[in-house]
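Hi everyone, thanks for coming. I'd like to walk you through one protein model today, so please have the sequence and the structure open as we go.

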Amino acid sequence: MNYDFKRNQMLILTTISISLLLVNPVSSFSLQEPTKTILTLHKFEYAFFNGGQTIVFEGKLTTESGDRVPFVKIIIKNDGPCPENHVIAEGITDKHGRFWIPIITKVWDESDNLIKVHAEFEGNDNFLPSTSYEYNVVIYPLHAEKCVN
């Protein structure tokens, strides 16, 4: 009789557990949704650069609530024909979610020396991807190395 009682007790507990899972499956096995992010690329005071000059792309990555997103990769892209993947620089945010990404200017668009640049965060398991505003940059080609695909 003791065995039947324990067996019935286990059957009841199992039935209750399964019922709770069916009634509210989200809270039983909920995974945290990735957090929305905001990527800011600071505008240059002057958007004209000599070829071979260093540009520093500067900005920050935060959540919508303003929390910093540290130690993640930021990609700087252009809209020019070179390079084919449009990536001209990459860097990592610091512990405060800020980044400084230096690069030596090149001729990325021979047609008019004007490119539009923006920053991208590709996202990860914890944070959703985001893209910054786009800014115009002009590279004077006199001393600039040409971009090679």
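Let's begin with the rings: the structure holds 3 aromatic pairs. Take Phe44 and Phe49 to start with. Their ring centres are 5.2 Å apart and the planes meet at 80°, so this pair is edge-to-face. Are these two residues buried or exposed? Both Phe44 and Phe49 are buried.

Next, please find Phe48 and Tyr140. This aromatic pair is stacked, with 6.2 Å from centre to centre and 15° between the planes. Phe48 belongs to strand E2 (residues 48-50) and Tyr140 to strand E10, so the pair ties together parts that are 92 residues apart in sequence. Tyr140 has a relative accessibility of 41%, so it counts as partly exposed. There is also a cluster here: ring pairs link Phe44, Phe49 and Phe57.

Now a step back to the whole chain. Please keep in mind that this is a predicted model. The mean pLDDT is 87, and 80% of the residues reach 70 or more. Residues 25-30 are another matter, with a pLDDT below 50; in the model, this stretch has 3 contacts beyond near neighbours in sequence.

What about the overall make-up? The protein has 2 helices and 11 strands. Reading from the N terminus, the order is α-α-β-β-β-β-β-β-β-β-β-β-β. Of its 149 residues, 34% are buried. Among contacts with a separation of 6 or more, 64% are between residues 24 or more positions apart. The exposed surface comes to about 10300 Å², and carbon and sulfur atoms supply 56% of that.

On to the inside. As a general point, nonpolar side chains in soluble globular proteins tend to be buried together. In this model, the largest nonpolar core has 29 residues, and those touching the most other members are Ile55, Phe57, Ile74, Ile76, Phe99 and Val137. Several strands give two or more residues to this core, including strand E1 (37-41), strand E3 (54-63) and strand E6 (98-104). Which strand gives the largest share? That is E8, with 4 residues.

Leaving out residues up to four places away in sequence, Phe99 touches, among others, Leu39, Leu41, Phe57, Ile74, Ile76, Ile92 and Ala119.

Now for the backbone. Most residues other than glycine have a negative phi, and most peptide bonds are trans. Here, the peptide bond from Cys82 to Pro83 is cis, with omega near -5°. Pro83 sits in the loop between E4 and E5. Phe71 is not a glycine, yet its phi is positive, at about 60°. You will find Phe71 in the loop between E3 and E4, and with a relative accessible area of 60% it is exposed. Asn113 also has a positive phi, near 60°, and lies in the loop between strand E7 (106-107) and E8.

One last stop: Leu128, in the loop between strand E8 (114-121) and strand E9 (130-131). Its relative accessibility is 32%, so Leu128 counts as partly exposed. Which residues does Leu128 contact, leaving aside neighbours within four places in sequence? They are Pro34, Thr35, Lys36, Thr37, Phe121 and Gly123. Leu128 and Thr35 are 93 residues apart in sequence, but their C-alpha atoms are 5.8 Å apart in space.

How values were computed
Residues numbered from 1 in each chain as written. Heavy atoms only, no water. Buried < 20%, exposed > 50% of the residue type's maximum accessible area, 1.4 Å probe, protein only. Contact = heavy atoms within 4.5 Å. Areas by Shrake-Rupley, 256 points an atom, 1.4 Å probe, with all protein chains shown as cover. pLDDT = per-residue confidence, 0-100. Core = buried A, V, L, I, M, F, W, Y, C linked by side-chain atoms within 4.5 Å. Phe/Tyr/Trp six-rings, centres within 6.5 Å; stacked < 30°, edge-to-face > 60°.
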